[in-house]
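Here is a short tour of one protein model. Keep the sequence and the 3D view side by side as you read.

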Amino acid sequence: MTDTEQVRPDDDTPADSPAEAPTDASADGADARQFGPVFWISVGLSAAFVVVSFLAVGPVGAALAAAVSAVVTYLGWMFLLVTSFFLVFALYLAFGRFGRVRLGGPDARPEFGRFAWFAMLFQAGMGVGLLFWGVAEPVMHYREPPPGTAAPGTPEAAEVGLQYAFFHWTLHPWAIYAVVGLAVAYASYNRGTATLRLSAVLRPLLGDRVDGPLGQAIDVLAVVATLFGVAVSLGLGTLQITAGLGEVFGLSGGVTLSLAVIAVTAVGYMLSASTPISKGINVLSQASIALAVVLVAYFVVVGPTTLQLNLLTQETGNFLARVVPMSLRSYPFAGPEWLTDWTIFFWATWIAWAPYVGAFIARISRGRTIREFVIGVLVAPSVFSVVWFSVLGGAGLDTDNRTGGAIGAAAGQDEALAMFRFLREYPGFLVMALLVLVLVWIFFVAGADAGTVVLGSMSGGGLDPATRSKLTWGVIMAALAAALLLIGGLDALQNAEILVATPFALLMLAICLALHRTLAADHPRDG
């Protein structure tokens, strides 16, 4: 058995035949398909939510909070179990008998080099979030650790804080993305659907019903989950930029500044969306990774280097040793508050982002084997995140101790402030703060651009949706981010994530089953 998979001799068209991706016209019936029911229903629902949110800020915020409270109280355990399952399933696909199956067929080769591929998947998956939480999360855990783990403000709490930052930003989220990405990529490149619509992935379970109202309902759910996921990313980026503008230039925050940031960024990502992926997203992604490396290198040099390297070594080992109990810990006697604010919020965030990030990773991953795909998606971003939190989080913990808790106090006041208060304690504040602002904005623009591509494709377009479809979604994304910030800032963003992620978590289980059934049917003798 070689690296190129055997094909079934009784098939007229091998499952892995390297057919070229059809055009939008052949795949989706041109405009009639691209701007069909899924597009208009999704746009209508999204627009209705935005309008109601602007007209009834208080009632919408209260309704979101009440719904999320019920979900967390009764289904918190479900989030822990399903995310753990997705990690196990992704590893099974990578190291099991399907690992050598190539996305696009035996002769397919990657469209993008490894660095460009990693840069694009990383900025789509986590870019803004790492800047937002890189200092804030470890310090906040240090000041308020998970129940029953350590006393606040102790060395043990600092260690636990880094371990939970690793936990929330490494293996589990990327496994969630990998599962959706593989399912979409295999259906598109090996089964010839040539679309990022999630209903196509479920054809092995639902048959031709995916072509009717049931399939449209699935696609609408995926589009709405994606839209909220991208909007939350835009909201986090807006909070980070407004906090930075306040710290650097003394601009007063508030609704007006936030809306101005969203408007300027929307212009940027819609201009980028008007260019091909190989130009807009690709160039921005590689620029953002280069700047992120500069930021990490700077704090290795000026920060507590020995402490950072010790933390990197020790806490990586502690995290790997404790990842299983951490994955299943629900604190049944301590109340749901900490779990809701942290683990369930992050798991819901990654699940809500899964159709967006997974579909985008699928779009840029043709030609890679399943093993290469999973290892690349799981390992490379996880290693980067571990280094990121060890360097920035470690320096943040050290700075918090040196300043008598100033960084923790800033994070408690506004999580977005923690990064900039931290930067003030090091030389070159103005230069580094501007670098962070530019980096946030690039992540912001590139991630939103990727979101318009995915939303355009999932709502009816092919692999390269029409520009006017992407621009429509760009406007709606900006409006939704603004609405969520008006409703209640970070709390509203968290509540929206958890609410839309709950049904999609169940849909992802069906996606796993459909993917396995398809692979088993197409490769019965691989091994």
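## Overall picture

A residue counts as buried when its relative accessible area is under 20%, as exposed when over 50%, and as partly exposed in between (1.4 Å probe, protein chains only). By that rule, 61% of the 527 residues in the protein are buried. The model is predicted: local features need pLDDT of at least 70, side-chain atom pairs count only at pLDDT 80 or more, and totals for chains, interfaces and linings use all residues. Residues are numbered from 1 along each chain as its sequence is written, and side-chain values use heavy atoms, leaving out hydrogens and water.

The protein has 20 helices and 0 strands. Both are DSSP runs, numbered from the N terminus: helices are H or I with at least four residues, strands are E with at least two. Contact means heavy atoms within 4.5 Å. Take the contacts between residues at least 6 apart in sequence: 85% of them join residues at least 24 apart.

Helix α11 covers residues 213-249. The expected span of a helix is 1.5 Å times one less than its number of residues. G250 follows α11, with a positive phi near 75°.

Helix α9 has 20 residues, 171-190. From first C-alpha to last, α9 reaches 26 Å, close to the expected 28 Å. Here 19 of the 20 residues are buried, so α9 too is largely enclosed by the rest of the structure. Just after α9 comes G192, with a positive phi of about 80°.

## A helix pair

How do α8 and α16 cross? The axes of α8 (residues 155-169) and α16 (residues 370-402) come within 10 Å and cross at roughly 150°. Angles over 145 degrees count as roughly antiparallel, under 35 as roughly parallel, 65 to 115 as roughly perpendicular and the rest as oblique. The two helices are therefore roughly antiparallel.

On the α8 side, the contact is made by A158, L162, A165, F166 and W169. On the α16 side, S385, V386, F389, S390 and L397 make it.

Most residues other than glycine have a negative phi. Y331 has a positive phi, near 50°. Y331 lies in the loop between α14 (305-328) and α15 (337-363). At 8% relative accessibility, Y331 counts as buried.

Conventions
Axes are lines fitted to C-alpha atoms, for helices over the stretch in contact, and angles run from 0 to 180 degrees between N-to-C directions.
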